[in-house]
Amino acid sequence: MGVKILLPCYLPLDHWSVNVKQCVNGCFKEPEILDCVKCVNKIAEDNWKKYTAGDFSSLQRHLMKYPINVLNASPAARKEMDPVLFFTGEEGSGSSELVCKTLYAWEEAVSPHLAAEREGFVVKDSLVLETLQRCFRDGFETLQRQNKADMECVVQGIIETQHVEALEILLQGLCGVQRERLRIHEICLKNGPNLGTVASEVRLLCDLEQAEPSWTVRHIGGAMRGAGAEQISVLVRTMVESKASKNVLRMFYTLGYKLDHELLRVGFSFQFYRGAQITVTVSSINKMLKLHATDEAVPVTPGIQMVEVTAPATAETYTEVASAVSSFCEYLAPLLHLSKPGISTGVVPTAAAAAASLMSDGGGTTL
């Protein structure tokens, strides 16, 4: 593993022009003027967008924006640099934040390999990996302590496949929205002991219903505990979610995460507002006979489908959200039991009669 390091400094004109030769009207010849600053910033921003995009495209040299937070530096470099944290977007713009960290820095504005040799500050690959792991662990645990991590309320249950159509009719009547088709490849990764004491998992979700499959990372933290958690009927847990490129699996393997299992969810979902923003997913769970072979997936339980009800929350709103989820679940009680994940309540004995009633009048009957 190699790390490219750049330091802020006034470069000779020939070195400067290598990186910005495509600036219009040759403004790089006067690096102190505003036009040159704007030109360089635009190149750096464009390069970052290309670098983080899902599809490969060539960069203009290796120029990037330079937001830094120096974690380790040689003694000489540390005297010259103050740790600075930068974010993308204007203040108050509502745009997402980008935090970049320079893990190691040297005084000389030469290649990191040459600088390390001259200054006697060589960094082993194993130490770089350990630092990355610590950043990832500390960042998430800090969010948990500051209550800045997203949370979600969730309940689950099962329903016999023969009653799924009746459940869909009921949900359609309750929600007033059309269902969305669901085909999700889910890869579950568990953290190792080097990533903190809090048990957590990362789920990589690939939406196969999209014309161009898109990846989402869901970092699932620990569930809320204590007397308060026992008194509510839903599970409340921390959750951080973001979009990712198709190379994200390799990154988590490098950080020390291990593959726990993978599956394919096929079914439908409803998203609506009813006291909280609620999502109901109904899906069959399929396992892969070969690693990542979604086309060869087979049902785990052919006669049973999973139903999951989730709603986003925060540390300030989870009580109200949990109440809204619980109230909504009462409408589904004739067809299925919903409870905290991991607590199996089986199928509802009266589901067949309720399903027959719904099917006979298209959901008009009050259950």
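1. Glu-152, Arg-218, Arg-237 and Glu-241 are linked in a network of salt bridges; a salt bridge is a side-chain nitrogen of Lys or Arg within 4 Å of a carboxyl oxygen of Asp or Glu. By this rule the count comes to 8 salt bridges. This is a predicted model, in which local features need pLDDT of at least 70 and side-chain atom pairs count only at pLDDT 80 or more, while totals for chains, interfaces and linings use all residues. Residues are numbered from 1 along each chain as its sequence is written, and side-chain values use heavy atoms, with hydrogens and water left out.

2. Glu-186 forms a salt bridge with Arg-265, the closest N and O atoms being 3.1 Å apart. The pair joins strand β8, which holds Arg-265, to strand β4, which holds Glu-186, 79 residues apart. Helices (H or I, at least four residues) and strands (E, at least two) are DSSP runs, numbered from the N terminus. Both Arg-265 and Glu-186 are buried; buried means under 20% relative accessible area, exposed over 50% and partly exposed in between (1.4 Å probe, protein chains only).

3. Glu-186 also meets Arg-203 in a salt bridge (4.0 Å, N to O). Arg-203 is buried, with a relative accessible area of 14%.

4. In helix α8 (residues 248-255), the buried residues are Val-248, Leu-249, Phe-252 and Leu-255. They lie on the same side of α8 because they cover an arc of only 125° around the axis, taken from the directions from the helix axis to the C-beta atoms. Just after α8, Gly-256 has a positive phi of about 110°.

5. The face of α9 turned away from its buried side carries the exposed residues Glu-320 and Glu-330.
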